[in-house]
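Open the model in your viewer and keep the sequence panel beside it. The stops below say what to select next and what is there.

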Amino acid sequence: MMRDLNAPFTVLWLQSGGCGGCTMSLLCAEAPDLAATLASANIRFLWHPTLSEETGDEAIAVFEAVLSGDIRLDALCIEGALLRGPNGTGRFHTLAGTDTATIDWVRRLAAVAEHVVAVGTCAAYGGVTAAGVNPADACGLQYDGRRPGGALGADFRARAGLPVINVAGCPTHPNWVTETLMLLSAGLLHGGDLDSYGRPRFYADHLVHHGCPRNEYYEYKASAEKMSDLGCMMEHLGCLGTQAHADCNTRLWNGEGSCTRGGHACINCTAPEFEEPGHAFIETPKIGGIPVGLPTDMPKAWFIALSSLAKAATPERLRRNAVSDHVVTPPAVRDIKKR
């Protein structure tokens, strides 16, 4: 049934196995704030564990009304990994007051939702909750790490025909979430607008590298050697910004922040299985001195050749500043009329 575009776009939000960080990020939306953004697009939360007044029986009544068809559900948003343990029962996480596993509630609600949205990498792929030996048997809604499947199965499609929309990130940028909901509300998000891991392409077709303030250092391979240094963190400190799919350095948190702008390497948190890279996050694995993870779309031979040329051409200014925690050699001041 087509939605009346004058009616509110309804959202039900559940939290499963996770830290709640995506909700905390969402609440930090500004210019405009979250309430103004939702109101401008006529998006109405039926229930949210942090924002809603209803608890206990009142909340369950909303869920039951959705399942019975008395309330239309346009988007089911899930935050946190789905816990299948122990032994596939889901009993490690029951929805409070119901004696029913949260994963079962999610499956029932997903069956009647027009769209299903995984908010954060835990809900999308399992994320940090699924790391290590994974005693809770945590997984994503439609992925188990990199493998299709998860709680709903690889073949799941919501009533509108789309698979789970994976708004991956740890945490997500608030605008990734609100923009996804706004596009769905307007009927403007289709299958071709999702990448190969189900992430909305409006942010996943970018790289964290785009807009990184350390790009001049990257170009000359003037590398940082310790976390406080100003240089590029790819060569020695594990930065994956040249491979990570997100627009973090062009769509900043609170208008100012990103991981690399805060002095930390990008750990590629929008990707499945980012939580277990096989080495420390701030280390760059190498073979023969060449980083194992090369920039996206760059053949190894080209990288080696360009790196050698770039290092040979590195200005002394960048060479010195790269291994300092502040600018020790400023750019030369030149009269442009005398070039």
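At which residues does UniProt place the feature "domain: NADH:ubiquinone oxidoreductase-like 20kDa subunit"? The unreviewed UniProt entry puts this feature at residues 19–183. Bear in mind throughout that the model is predicted.

**Whole chain**

Start with the protein chain as a cartoon. Its secondary structure comes to ten helices and 13 strands, and the C-alpha trace spans about 75 × 50 × 35 Å along its principal axes. Of the 339 residues in the chain, 49% are buried. Take the contacts between residues at least 6 apart in sequence: 69% of them join residues at least 24 apart.

**The two annotated spans**

Select residues 19–183. This span is 32% helix and 18% strand, and its end C-alpha atoms lie 27 Å apart.

Next select residues 206–281, where the unreviewed UniProt entry places the feature "domain: Cytochrome-c3 hydrogenase C-terminal". Here the content is 7% helix and 0% strand, with 22 Å between the end C-alpha atoms.

**Strand 1 and Val11**

Go to strand 1, residues 9–15, and pick Val11. Val11 has 0% relative accessibility, so it counts as buried. Show everything that touches Val11, leaving out residues up to four places away in sequence: Ile43, Arg44, Phe45, Leu46, Trp47, Leu73, Ala75, Cys77 and Leu181. Then draw a distance from the C-alpha atom of Val11 to that of Val116; the two residues are 105 apart along the chain, and the separation is 9.7 Å.

**The nonpolar cores**

Which residues touch the most other members of the largest nonpolar core? They are Phe63, Leu76, Val116, Leu141 and Leu181, in a core of 71 residues.

**Leu152**

Move to Leu152, in the loop between strand 10 (147–148) and strand 11. Is Leu152 buried or exposed? Leu152 is buried, with a relative accessible area of 18%; the cut-off for buried is under 20%. Beyond its neighbours within four places in sequence, Leu152 is in contact with Arg107, Ala110, Val116, Leu141 and Val164.

**Thr172 and helix 6**

Thr172 sits in the loop between strand 11 (165–167) and helix 6 (174–185). Its relative accessibility is 0%, and therefore Thr172 counts as buried. With neighbours within four places in sequence set aside, Thr172 contacts Cys22, Ser25, Val119, Gly120, Val167, Val177 and Trp253.

Continue into helix 6. Its twelve residues should span 16 Å at 1.5 Å a residue, and the 17 Å between its end C-alpha atoms agrees with that. The buried residues in helix 6 are Pro174, Trp176, Val177, Thr178, Thr180, Leu181, Leu184 and Ser185. After the helix comes Gly187, which has a positive phi near 70°.

**Cysteines**

Select the cysteine sulfurs. How many disulfides does the structure hold? It holds zero. Cys77 is in no disulfide, and the nearest cysteine sulfur, that of Cys22, is 11 Å away. Cys77 is buried, at 0% relative accessible area. Cys248 is likewise in no disulfide; the nearest cysteine sulfur there belongs to Cys269, 6.2 Å away. Cys248 is buried too, with a relative accessible area of 12%.

**Helix 9**

Finish at helix 9, residues 300–312. Its 13 residues reach 18 Å from the first C-alpha to the last, close to the 18 Å expected at 1.5 Å a residue. Colour Phe303, Ser307 and Ala310, which are buried in helix 9. Why do they fall on the same side of helix 9? Because they cover an arc of only 70° around the axis. Turn to the other side of helix 9 to find Ala301, Trp302, Leu309 and Ala312 exposed. To see what covers the buried residues of helix 9, show helix 8 (215–219) and strand 13 (290–291), which are included in that cover.

Definitions and conventions: Residues are numbered from 1 along each chain as its sequence is written. This is a predicted model: local features need pLDDT of at least 70, side-chain atom pairs count only at pLDDT 80 or more; totals for chains, interfaces and linings use all residues. Side-chain values use heavy atoms; hydrogens and water are left out. Helices (H or I, at least four residues) and strands (E, at least two) are DSSP runs, numbered from the N terminus. Buried means under 20% relative accessible area, exposed over 50%, partly exposed in between (1.4 Å probe, protein chains only). Contact means heavy atoms within 4.5 Å. The expected span of a helix is 1.5 Å times one less than its number of residues. The arc is that of the directions from the helix axis to the C-beta atoms. A disulfide is a pair of cysteine sulfur atoms within 2.5 Å. A nonpolar core is a set of buried Ala, Val, Leu, Ile, Met, Phe, Trp, Tyr and Cys residues joined through side-chain atoms within 4.5 Å. UniProt positions are given in the numbering used here, feature names are shortened, and annotations may be inferred rather than shown by experiment.
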